[in-house]
Amino acid sequence: MTNHNSILEVNLRNLQYNYKKLSGLARKSICAAIIKSDAYGTGVLKVFDALYKVNCRNFFVATTQEALEIRKKRSTSNIYVLNGLENNNISVFSKNKIIPILNDIDEYCFVTKNIKKYKKLKFGLHVDTGINRLGINFKEFFELKFENNIHILISHLASSDESNNY
């Protein structure tokens, strides 16, 4: 039997400071907080509130359920769901102004076929730039007919820690 004695402490003021510092460096970009899995076990609503107080308005979660929990609290933030459409239930996303991140070409095609019905739906695209885990294939990405509803483009950088690999 393994005995775990770890304690995780999160100083919310430090978190707020870090967000302000990073968002200041990224003035022409969207700076967002990833608060999936109950903010990595630290309490999603506490972390959300702390970051919202310092003008964070973009949040990434893993599931639709997490997004709905946050949406009940605030209607003015952008909430992105990294797991995509989760059973193609576009109406939940549209009704609650939640932004799915489309992770493959099938999800993209499904959304674009239904976009007339859900005109206000925004969505993001996850492009695979080499990590080969999630995202629309790079070649397929360049063949897409883009919709005005694309709100954000994201990727995992496969070699972000290798300065000579870009």
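**Figure 1. Glu140 in helix α7 of a predicted model.** Glu140 is partly exposed, since its relative accessible area is 30%, and the coordinates shown here are those of a predicted model. The residue belongs to helix α7, which covers residues 138-143.

**Figure 2. The whole chain, for orientation.** Before the next close-ups, here is the overall layout. The protein chain contains seven helices and six strands, and their order along the sequence is α-β-α-α-β-α-β-α-β-α-β-α-β. Of its 166 residues, 36% are buried. If you count contacts between residues at least 6 apart in sequence, 53% of them join residues at least 24 apart. The accessible surface of the chain is about 11,200 Å², with 49% of that area belonging to carbon and sulfur atoms.

**Figure 3. The largest nonpolar core.** In soluble globular proteins, nonpolar side chains tend to be buried together. Which residues have the most contacts inside the largest nonpolar core? They are Ile35, Phe59, Val111 and Leu125, in a core of 34 residues. Helices α3 (44-53), α4 (64-73), α5 (90-96) and α6 (105-114) each supply at least two residues of this core, and so do strands β2 (58-61), β3 (78-81), β4 (98-102) and β5 (123-126). The biggest giver is α3, with five residues. Another core lies apart from this one; it has seven residues, including Phe60, Tyr80, Ile99 and Ile101.

**Figure 4. The surroundings of Ile35.** This view moves in on one of the residues with the most contacts inside the largest core, Ile35. Setting aside neighbours within four places in sequence, Ile35 is in contact with Val44, Val47 and Phe48, and also with Phe59, Phe60, Val61 and Ile70. Among these partners, Phe59 is itself listed with Ile35 for having the most contacts inside the largest core, while Phe60 is one of the residues of the seven-residue core.

**Figure 5. Positive phi values at Ser37 and Asp38.** Here is a backbone detail worth a look. Most residues other than glycine have a negative phi, and most peptide bonds are trans. At Ser37, however, phi is near 55°, a positive value in a residue other than glycine. Phi of Asp38 is likewise positive, near 55°. Ser37 sits in helix α2, which spans residues 36-41, and Asp38 is found in helix α2 too. Buried or partly exposed: which describes Ser37? Ser37 is partly exposed because its relative accessible area is 43%. Asp38 also counts as partly exposed, at 38% relative accessibility.

Figure 6. Side chains of opposite charge can pair when their charged atoms come close. How many salt bridges are counted? The count comes to one. In the salt bridge shown here, the side chains of Asp49 and Lys73 meet, with an N to O distance of 3.4 Å. Asp49 is in helix α3 and Lys73 in helix α4, so the pair ties together parts 24 residues apart in sequence. As for accessibility, Lys73 counts as partly exposed, at 38%.

**Figure 7. His126 and its polar partner.** His126 is a residue of strand β5. With 3% relative accessibility, His126 counts as buried. Which side chain makes a polar contact with the side chain of His126? The partner is Asn103, whose side chain makes this contact at 3.1 Å.

Figure 8. Tyr108 is found in helix α6. It is buried, because its relative accessible area is 4%, which falls under the 20% cut-off.

Figure 9. Leu8, Val10 and Leu12 make a nonpolar surface patch of about 250 Å². Val10 lies in the segment before α1 (12-25). At 39% relative accessibility, Val10 counts as partly exposed.

Conventions: Residues numbered from 1 in each chain as written. Predicted model: local features only at pLDDT ≥ 70, side-chain atom pairs only at ≥ 80, totals over all residues. Heavy atoms only, no water. Helix = DSSP H or I, 4+ residues; strand = E, 2+ residues; numbered from the N terminus. Buried < 20%, exposed > 50% of the residue type's maximum accessible area, 1.4 Å probe, protein only. Contact = heavy atoms within 4.5 Å. Areas by Shrake-Rupley, 256 points an atom, 1.4 Å probe, with all protein chains shown as cover. Patch = residues over 30% accessible without salt bridge, like charges linked within 9 Å, V, L, I, M, F, W, Y side chains within 5 Å. Salt bridge = Lys/Arg side-chain N within 4 Å of Asp/Glu carboxyl O. Core = buried A, V, L, I, M, F, W, Y, C linked by side-chain atoms within 4.5 Å. Polar contact = N/O pair within 3.5 Å; in protein donor to acceptor, adjacent residues only side chain to side chain.
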